[in-house]
Amino acid sequence: MGYTLNFAVVWRNFDQLLEGLALSLGLAFVSILIGAAIGLLVAFALIAKSGWIKRPAATYVTVIRNLPILVLVLFAYFALPQMGVRLGKLESFVAVLSIYSGAYLAEVFRAGLISIPKGLTEAGLAIGLTPMQIRTSIIVPLMLRNVLPSLSSTVISLFKDTSLAAAIAVPELTFEARKINVESFRVIETWIVASGLYVATCSVLAALMRFAERRLSVPR
Amino acid sequence: MSKVLLEIQGLRKQYGIVEVLKGVDCTMREGEVISIIGSSGSGKTTMLRCINMLEDFQGGHIRLEGEEIGYEHSGSSRRRKSEKEIARQRALTGMAFQQFNLFPHMTAAQNVMLGLVKVKKMSHDEARVLAEKWLDRVGLSARADTYPGQLSGGQQQRVAIARAIAMAPRLMLFDEVTSALDPELVGEVLQVIKALAADGMSMLLVTHEMRFAYEVSSRVIFMNQGVICEEGDPKEMFAKPRTERLAEFLKTSSFN
């Protein structure tokens with residue numbers, strides 16, 4: 001092959017990759033947090049009796065889940081300004097990933113909500129709790145325990161989706177790796193290290209979620 | 001005679017076109033223990049669930065200590081009261097369910113404390129003291145920090161009763177509380193209910209335990225097809241049923 005591996009350039013620029021990774025994590029953290037808030041509201045809307053509440057929520061989930069996230073990223077950054085909505089690169093990407101994760105988390109949360117026995121709500125009502133108190137003290141805590149196993153893969157997917165921010169020059173991990181690649185021509189080395197960082201980070205995320213799952217599990 | 005606690009007048013309830021309650025009238029005095037018996041589909045559980053508004057109803061009145069439950073009436077129109085007001089009224093009654101319905105992510109004590117803290121606005125410490133007192137009363141003081149999943153059915157039902165009683169309700173509603181239990185666990189739950197009756201708690205029980213209804217009730221109500229068919233002193237009723245339907249029902253239900 002005649003190609004000798006040489007990681008020296010990559011290690012020299014390793015700080016840049018770590019800064020990129022930190023930004024990736026930050027983008028994912030903020031977006032998933034906002035997305036979780038959206039997802040929770042939408043999940044309750046999806047199980048509402050009234051069609052006026054249910055239909056808009058279902059439409060939101062369907063539309064977002066049927067769009068590639070890259071299309072959303074490009075639309076928000078290039079098309080929205082033409083329509084008078086001007087956002088910075090970071091804000092635009094966080095907005096997109098929040099709305100995107102909101103749709104996925106809404107589906108995950110909905111599945112967790114419908115598996116909670118109706119009797120628990122009735123027991124809450126019977127002691128005089130208001131519907132909102134029942135949601136905050138009983139329904140949501142139980143729902144989160146129900147969904148933790150499937151939440152893990154969703155969170156990891158969403159973290160990996162931050163790499164699409166490279167398309168609009170957000171200096172996250174993929175963008176930084178491409179920069180090093182272009183400047184150094186060390187293609188293989190650069191992408192091996194960047195991949196290693198993604199795999200390591202996702203493994204840590206998965207371990208954290210498993211830890212949370214064990215800590216919160218209901219004893220039986 | 002003690003004062004009137006609960007007054008039900010012309011209670012009507014329908015699911016779609018099916019009429020489940022066709023005008024139920026009933027008056028209950030303070031300290032009474034009333035068992036409601038009848039075959040399934042007779043409307044006894046539905047009637048119980050209307051009293052704490054777990055079911056909406058389409059006609060009639062329910063009054064608890066003179067207070068109109070669930071609906072505002074003005075002239076011929078009626079309107080459901082606000083969720084907040086209904087929640088306040090629900091706290092006046094306590095309910096135990098067939099399926100226990102304990103909150104699985106909370107310990108026995110936390111189950112009892114939740115309503116005390118959130119509804120009665122007690123401090124955590126006050127609520128804990130009261131929870132321990134009531135868990136002790138149902139014989140489970142050693143299980144205060146145990147989760148429902150680690151308790152037997154009978155123990156879970158006793159926690160559920162403690163959770164309801166701790167709220168100091170004016171009236172306790174029991175909805176077939178022993179039906180989901182293994183036979184050997186029924187006794188411990190009935191024992192707890194008997195003790196509450198002896199304390200003078202006003203209770204309305206939907207039950208299939210005829211022997212128990214016979215022993216603890218001051219009055220028995222026999223429901224059939226959405227109306228009260230016969231009511232009276234359990235000893236007289238069980239010995240000399242006045243209606244053919246009750247005679248038939250008693251014949252087919254096991255009396256042991």
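Student: Which residues lie nearest the centre of the largest pocket?
Tutor: Of its 28 lining residues, A:Ile47, A:Lys49, A:Lys118, A:Thr121 and A:Arg135 lie nearest the centre. A pocket here is an open set of points on a 1 Å grid over the protein atoms alone, where a 1.4 Å probe fits, with protein on both sides within 12 Å along at least five of seven lines; lining residues have an atom within 4 Å of a point. Keep in mind that this is a predicted model, where local features need pLDDT of at least 70, side-chain atom pairs count only at pLDDT 80 or more, and totals for chains, interfaces and linings use all residues. Residues are numbered from 1 along each chain as written, chains are lettered from A and ligands numbered from 1 in the order written, and side-chain values use heavy atoms, without hydrogens and water.
Student: How much space lies in the largest pocket?
Tutor: About 1,100 Å³, counted as the space filled by probe spheres set on the points, which are joined across faces, edges and corners.
Student: And which helix gives the largest share of its lining?
Tutor: H7(A), with seven residues. Helices are DSSP runs of H or I, at least four residues, numbered from the N terminus. Helix H2 (83-90) of chain B also supplies at least two lining residues.
Student: New topic: what is the volume of the second largest pocket?
Tutor: About 380 Å³. Its lining has 19 residues, and B:Pro104 is one of those nearest the centre.
Student: Which helices each supply at least two residues there?
Tutor: H6 and H7 of chain A, and H7(A) gives the most, with three.
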